[in-house]
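User: I'm new to this one and would like to go through it piece by piece. Can we do it as questions and answers?

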Amino acid sequence: MTKKHGLFIGILVLYMGAAHAQMAGNLGATSSDSPYHQVAARKNATEIEWKNYTAKTIDRLPGFTVTKDPKTNKYGSWEVNQSTATGFFRVEKKANRWWIIDPEGYPFIHKGVAVFRPASSPNQWAALKTKYGTEAKWLEQETEFLKKNGFNGTGAWSSVDLMREQKKPLVYTVIVSPMGAYKSQHRQKFGGNYKQAG
């Protein structure tokens, strides 16, 4: 992957973020003084007052034009600069830069959403049943929603076991925590007040 491709991918991610926010209705109209979006936001979840801020997104930069993306494979990777296909995700250094390489050998940029899971409370389960009917329908519809909005995967704390049941799941990540239980195991074995994190 060339520097040009890397730059374009960064630009694309910013553009997609702006487009997604606009779809969700979070971006207001641009003012006559500025070519950029006006975004209504709060300082935090408890703040009552909403303020307008200028969001300088890449799609509004003077002279910038969107070009057609290269063809993507089933993992959401651009089919360019292929390396050896191993059947597994791995990392590889190309032109002094590390890349995630997908199972087919293409450089992969993970554009994922963390905590992709159907529900975790009785009210959420009731809402899921009303809107989707089943977990499987939720997964199918929400997976397509993510793909249509430029995402190619999910992040940590997602319902990996549920996703694995799909024929064509999004790329997913699992949490590997070999030291997660070290502190409690150490205290059980040796006792004492072990304060250092594992």
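User: Is I100 buried, partly exposed or exposed?

Analyst: This is a predicted model, and in it I100 is found in strand 5, residues 97-101. Buried would need under 20% relative accessible area and exposed would need over 50%. The relative accessibility of I100 is 35%, so I100 counts as partly exposed.

User: Which residues make a nonpolar surface patch with I100?

Analyst: A residue needs over 30% relative accessible area to join a patch, and I100 has 35%. The patch covers about 410 Å². Besides I100, the residues that make it are F89, V91 and W98.

User: Let's move on to S158. Is S158 buried or exposed?

Analyst: S158 is in the loop between strand 8 (153-154) and helix 4 (160-163). The cut-off for buried is under 20% relative accessible area. With 8% relative accessibility, S158 therefore counts as buried.

User: How many Å separate the C-alpha atoms of S158 and V113?

Analyst: Setting aside residues up to four places away in sequence, S158 touches V113, A114, V115, F116, R117 and M163. V113 is 45 residues away from S158 along the chain. Their C-alpha atoms are separated by 8.5 Å.

User: What about E142: which side chain of opposite charge is nearest, and how far away is it?

Analyst: E142 lies in helix 3, residues 135-148, and leaving aside neighbours within four places in sequence, E142 is in contact with F116 and Y132. E142 is buried yet has no salt bridge. A salt bridge would need the charged atoms within 4 Å. The nearest side chain of opposite charge is K131, at 5.1 Å.

User: Zooming out, what percentage of the chain's residues are buried?

Analyst: The chain has five helices and eight strands, and it exposes about 13,700 Å², with carbon and sulfur atoms supplying 55% of that. Of the 198 residues in the chain, the buried share is 30%.

Key
Residues are numbered from 1 along each chain as its sequence is written. This is a predicted model: local features need pLDDT of at least 70, side-chain atom pairs count only at pLDDT 80 or more; totals for chains, interfaces and linings use all residues. Side-chain values use heavy atoms; hydrogens and water are left out. Helices (H or I, at least four residues) and strands (E, at least two) are DSSP runs, numbered from the N terminus. Buried means under 20% relative accessible area, exposed over 50%, partly exposed in between (1.4 Å probe, protein chains only). Lys and Arg count as positive and Asp and Glu as negative; His and the chain ends are not counted. Contact means heavy atoms within 4.5 Å. Accessible areas come from the Shrake-Rupley method with a 1.4 Å probe; for residues, only the protein chains shown count as cover. Patches are made of residues with over 30% relative accessible area and no salt bridge: like charges are joined within 9 Å, nonpolar side chains (Val, Leu, Ile, Met, Phe, Trp, Tyr) within 5 Å.
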